[in-house]
Amino acid sequence: MTSEQSSAPTHDLREEPLYDIRPSTTMESALDCDHCVASVEIAIIDGVEVPLCSAATGVPCTKAIRASMPDALAGHGALNHQPRRGTPWEKPSAYRPLIGLVAKQFPEERFLSLPAEYAPAIAHAGGVPVILPFIDDKEAYGALFSTLDGFVLTGGHDVSPALYGGPDAEDPEFATISQLTPERDALEYEILNYADAHDIPVLGICRGMQMINVYYGGSLYPDLATDLGYVKEDHWQTATPGNANHEIQVVAQSQLASILPESHYAVNSLHHQGVCNVAPCLSPCAHAENLVEGVEHPERTFILGVQWHPEFFAGTGTMGPLFAAFVEAARLRHNAR
């Protein structure tokens, strides 16, 4: 491998790095990987060398991985059991709340992507993850929402700046905005309309926290490097998401403080935007230096957002209690219907 090929990866730092693995648009079949593999750089993901397709998006490419190292990712994301046939299902001993998850949208490619950590985090906490569709049918959403007990607004592309009075296309800072996803913005507004009116629990993660703040009338910093002079690596880590990058402080007497027992936590960081003005009805519940890293709605049972990605520390990890509290709030909401 040449020194040019082994140099540091050149990610688009406005999108979550090493977080989505999608095919290169330049390869129509696995046989086309000869061209792609010849022009890749290398990233280390969970200790595995993974090629980045510099001919296209600069993100890990499944076809390139299979062509150059077919066994490299064996077992990553695999189920812990083999397929079965004819085994009867047992009825759960207790009701498990249904949790709607919003997937990440890639509008140009016309597909949705849900990183693998979200669903297990919900399931381990006792919930049932349900991936929400993107459809232009409000009546169908109404029927679907009425069956759900909670919602998770996941990470993803930037919230449209038009929703919080941010830069427009004529503003030079607009160049820092990632690909916009108006269908997703609209879906999440529908979810928050419904959740606010019916007091349905909502957990916002990264972009999801930002959307909660924008929905209730707050604003965002369109780009932390531009607006606050942050070095991008401060909040956009190059380490894999399962590694902590910086520390956050939980606000005492907040709902989040009642869930997480410690006052400080080491968390990961995968964002280039952040909360600027907190919405009038929300309260900050976590900080990282002078940046708001958590918001909550004190007049709702559970509408809470965090800037980091707690799904990587769920289960028996430090953020397990956050998912447990959210799912329990959803269970209680179901019982109160």
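A crossing of two helices is left-handed if the near helix is turned anticlockwise from the far one by less than a right angle, and right-handed if clockwise. The model is predicted, with local features needing pLDDT of at least 70 and side-chain atom pairs pLDDT 80 or more, while totals for chains, interfaces and linings use all residues. Residues are numbered from 1 along each chain as its sequence is written, and side-chain values use heavy atoms, without hydrogens and water.

**View A. Crossing of helices α5 and α6.** Helix α5 (residues 182–198) and helix α6 (residues 207–215), both DSSP runs (H or I, at least four residues), have axes that come within 11 Å and cross at roughly 65°. Because angles of 65 to 115 degrees count as roughly perpendicular, α5 is roughly perpendicular to α6. The crossing of α5 and α6 is right-handed.

**View B. Residues in the contact of α5 with α6.** Contact (heavy atoms within 4.5 Å) involves R184, D185, E188, Y189, L192, N193 and D196 of α5 and R207, M211, I212, V214 and Y215 of α6. By class, this contact has 6 nonpolar, 1 polar and 5 charged residues.

**View C. The two faces of strand β7.** In a regular strand the side chains alternate between the two faces of the sheet. Strand β7 (residues 150–153) has G150 and V152 on one side and F151 and L153 on the other, all buried (under 20% relative accessible area, 1.4 Å probe, protein chains only).

**View D. Strands paired with β7.** Pairing requires at least two DSSP bridges between two strands. β7 pairs in the parallel sense with strand β3 (residues 98–102) over 4 bridges, and G100 stands opposite F151. Strand β8 (residues 202–205) also pairs with β7 in the parallel sense, over 3 bridges; L203 is the bridge partner of V152.

Definitions and conventions: Axes fitted to C-alpha atoms, helices over the stretch in contact; angles between N-to-C directions. Parallel < 35°, antiparallel > 145°, perpendicular 65-115°, else oblique. Nonpolar A, V, L, I, M, F, W, Y, C, P; charged D, E, K, R; others polar. Buried < 20%, exposed > 50% of the residue type's maximum accessible area, 1.4 Å probe, protein only.
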